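Below are my notes on the model you sent, as numbered points. They go from the overall picture to single residues.

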Amino acid sequence: MAAGTRPPGRPRGAGRDPEARRAALLEAAEAAIRHHGPDVSMEQIAERAEVSKATLCDNFDGKAGLTELLLERYGTRLLGTFAAS
């Protein structure tokens, strides 16, 4: 097989640790929200994450699931900031 070619099968990144992948997708979602604002689309988030919209939806059960995780993430940070004050 020539260098740089892959046999058919699982796509690149499929073997990546699922928690690491979700963390990277959340980071991309945050960056997309900062760039596009609160009305960001799943397509814009997927583009920023360099994945398909289907991959994004599969990892978070759609926009509602992604939103819930982002709210939990920021809520935890916010509570930590208040507790440290």
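This is a predicted model: local features need pLDDT of at least 70, side-chain atom pairs count only at pLDDT 80 or more; totals for chains, interfaces and linings use all residues.

1. Helix α2 is the place to start. The buried residues of α2 pack against α1, α3 and α4. Those buried residues are Met 42, Ile 45, Ala 46 and Ala 49, in a helix that covers residues 42-49. Seen down the axis of α2, they fall within an arc of 100°, so they line one face of the helix.

2. Mean pLDDT for the chain is 84, and 82% of the residues reach 70 or more.

3. The chain holds four helices and zero strands. Read from the N terminus, the order of elements is α-α-α-α. Of the 85 residues in the chain, 25% are buried. Taking contacts between residues at least 6 apart in sequence, 48% join residues at least 24 apart.

4. How do α1 and α4 pack, in angle and in distance between axes? Helix α1 (residues 18-36) meets helix α4 (residues 62-84) at an angle of about 85°, and the axes are 11 Å apart. The two helices are therefore roughly perpendicular, given that angles of 65 to 115 degrees count as such.

5. On the α1 side, that contact is made by Arg 22, Ala 23, Leu 26, Glu 27, Ala 29, Glu 30, Ile 33 and Arg 34. On the α4 side, the residues are Leu 66, Leu 69, Leu 70, Arg 73, Tyr 74 and Arg 77. By class, the residues of the contact are eight nonpolar, six charged and no polar.

6. Asn 59 belongs to helix α3, which spans residues 53-60. Its relative accessibility is 17%, so Asn 59 counts as buried, the cut-off being under 20%. Apart from neighbours within four places in sequence, Asn 59 is in contact with Arg 21, Arg 22 and Leu 25. One of these, Arg 22, also takes part in the contact of α1 with α4.

7. Cys 57 is another residue of helix α3. Is it buried, partly exposed or exposed? With a relative accessible area of 25%, Cys 57 is partly exposed. Not counting residues up to four places away in sequence, Cys 57 touches Met 42 and Gly 62. Met 42 is one of the buried residues of α2.

8. Most residues other than glycine have a negative phi. Glu 50 has a positive phi, near 60°, and is not glycine. Glu 50 follows α2 and is found in the loop between α2 and α3. The relative accessible area of Glu 50 is 72%, so Glu 50 is exposed.

9. Asp 61 is the second case. Phi of Asp 61 is near 55°, again a positive value in a residue other than glycine. Asp 61 is found in the loop between α3 and α4. With a relative accessible area of 72%, Asp 61 is exposed.

Conventions. Residues are numbered from 1 along each chain as its sequence is written. Side-chain values use heavy atoms; hydrogens and water are left out. Axes are lines fitted to C-alpha atoms, for helices over the stretch in contact, and angles run from 0 to 180 degrees between N-to-C directions. Angles under 35 degrees count as roughly parallel, over 145 as roughly antiparallel, 65 to 115 as roughly perpendicular and the rest as oblique. Contact means heavy atoms within 4.5 Å. Ala, Val, Leu, Ile, Met, Phe, Trp, Tyr, Cys and Pro count as nonpolar, Asp, Glu, Lys and Arg as charged, and the others, Gly among them, as polar. Buried means under 20% relative accessible area, exposed over 50%, partly exposed in between (1.4 Å probe, protein chains only). The arc is that of the directions from the helix axis to the C-beta atoms. pLDDT is the predictor's confidence in each residue, from 0 to 100.
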